[in-house]
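Student: I've got a structure open and want to talk through its pockets and its sheet. Can we take it piece by piece?

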Amino acid sequence: MSKIHIRRFLPADLPSLLSIDHSYTTEYVWQMDLQESVREVNLTFRELKLPRVVRHSYPRDHHNLVEDWLERWGILVAIHGQDPESQPTGYLTLAHGTEPHIAAVTDLAIAVPMRRKGLASALVISAEDWAHEKGSTQLILEMQSKNVPGIRLAKKLGYDFCGFSDRHYPNKDIAVFFGKALH
């Protein structure tokens with residue numbers, strides 16, 4: 001098995017990160033069902049199988065990614081293979097959460113040929129360590145409700161559903177949030 005190296009972002013990584021295809025495919029979605037009355041709100045997310053595999057585009061404007069990255073608290077990159085000096089094939093961005101002790105992963109992308117090789121898991125685990133070292137007590141993962149591969153990753157790594165935001169992204173998609181206490 002090839003080694004995975006995780007390190008902080010360097011300016012020389014920019015072309016590699018921008019070349020990553022941020023879209024993803026899935027044959028499932030998390031469908032939201034909201035029922036409201038005067039005294040009660042019932043919200044359900046359920047995983048539904050689609051009739052075919054669907055490619056979903058990234059919810060953020062690709063042309064504004066660099067500008068968004070500059071506002072982030074941290075960026076970690078993943079390198080797959082024996083040479084830690086190779087070009088990154090994945091990354092995640094960290095932002096301060098709504099509270100000072102909360103960190104949030106707002107972007108996570110892996111190059112298509114490198115998916116399902118452990119890079120996303122390694123990045124999230126490294127983000128947990130990095131955020132904890134910086135004083136955060138909780139890490140939140142943010143993703144589209146359509147991003148069932150991301151939702152399954154969050155659950156696999158021990159994250160619990162902790163909220164959603166309707167029309168969160170520039171394309172008006174729903175964001176779902178998964179949180180985990182850092183020890």
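Student: How do the residues lining the second largest pocket divide into nonpolar, polar and charged?
Tutor: Keep in mind that this is a predicted model. The lining includes Ala95, Ile102 and Phe177, along with Thr98, His168 and Glu142. Sorted by class, the lining of the second largest pocket comes out as six nonpolar, five polar and one charged.

Student: Which element gives the largest share of that second pocket's lining?
Tutor: Strand E5 (90-96), E6 and E7 each supply at least two residues of the lining. The largest share is three residues, and the strand behind it is E6.

Student: What is the volume of the largest pocket?
Tutor: For the second largest pocket, the volume is about 220 Å³. The largest pocket is lined by 37 residues, with Arg115, Asn147, Pro149, Gly150 and Leu153 closest to its centre. Its lining holds 18 nonpolar, ten polar and nine charged residues. The space in it is about 980 Å³.

Student: Which strands are the edges of the seven-stranded sheet?
Tutor: The sheet is open and mixed, ordered E1-E4-E5-E6-E7-E9-E8. An edge strand pairs on one side only, and that picks out strand E1 (4-8) and strand E8 (160-165).

Student: What angle does H4 make with E7?
Tutor: H4 also gives residues to the lining of the largest pocket, as residues 148-156. H4 packs on the sheet, where it touches E6, E7 and strand E9 (175-181). Its direction against that of E7 makes about 160 degrees.

Notes:
Residues are numbered from 1 along each chain as its sequence is written. This is a predicted model: local features need pLDDT of at least 70, side-chain atom pairs count only at pLDDT 80 or more; totals for chains, interfaces and linings use all residues. Side-chain values use heavy atoms; hydrogens and water are left out. On a 1 Å grid over the protein atoms alone, a cavity is a set of points where a 1.4 Å probe fits but cannot get out, and a pocket is an open set with protein on both sides within 12 Å along at least five of seven lines; lining residues have an atom within 4 Å of a point. Grid points are joined across faces, edges and corners, and a volume is the space filled by probe spheres set on the points. Helices (H or I, at least four residues) and strands (E, at least two) are DSSP runs, numbered from the N terminus. Ala, Val, Leu, Ile, Met, Phe, Trp, Tyr, Cys and Pro count as nonpolar, Asp, Glu, Lys and Arg as charged, and the others, Gly among them, as polar. Two strands pair if DSSP finds at least two bridges between them. Contact means heavy atoms within 4.5 Å. Axes are lines fitted to C-alpha atoms, for helices over the stretch in contact, and angles run from 0 to 180 degrees between N-to-C directions.
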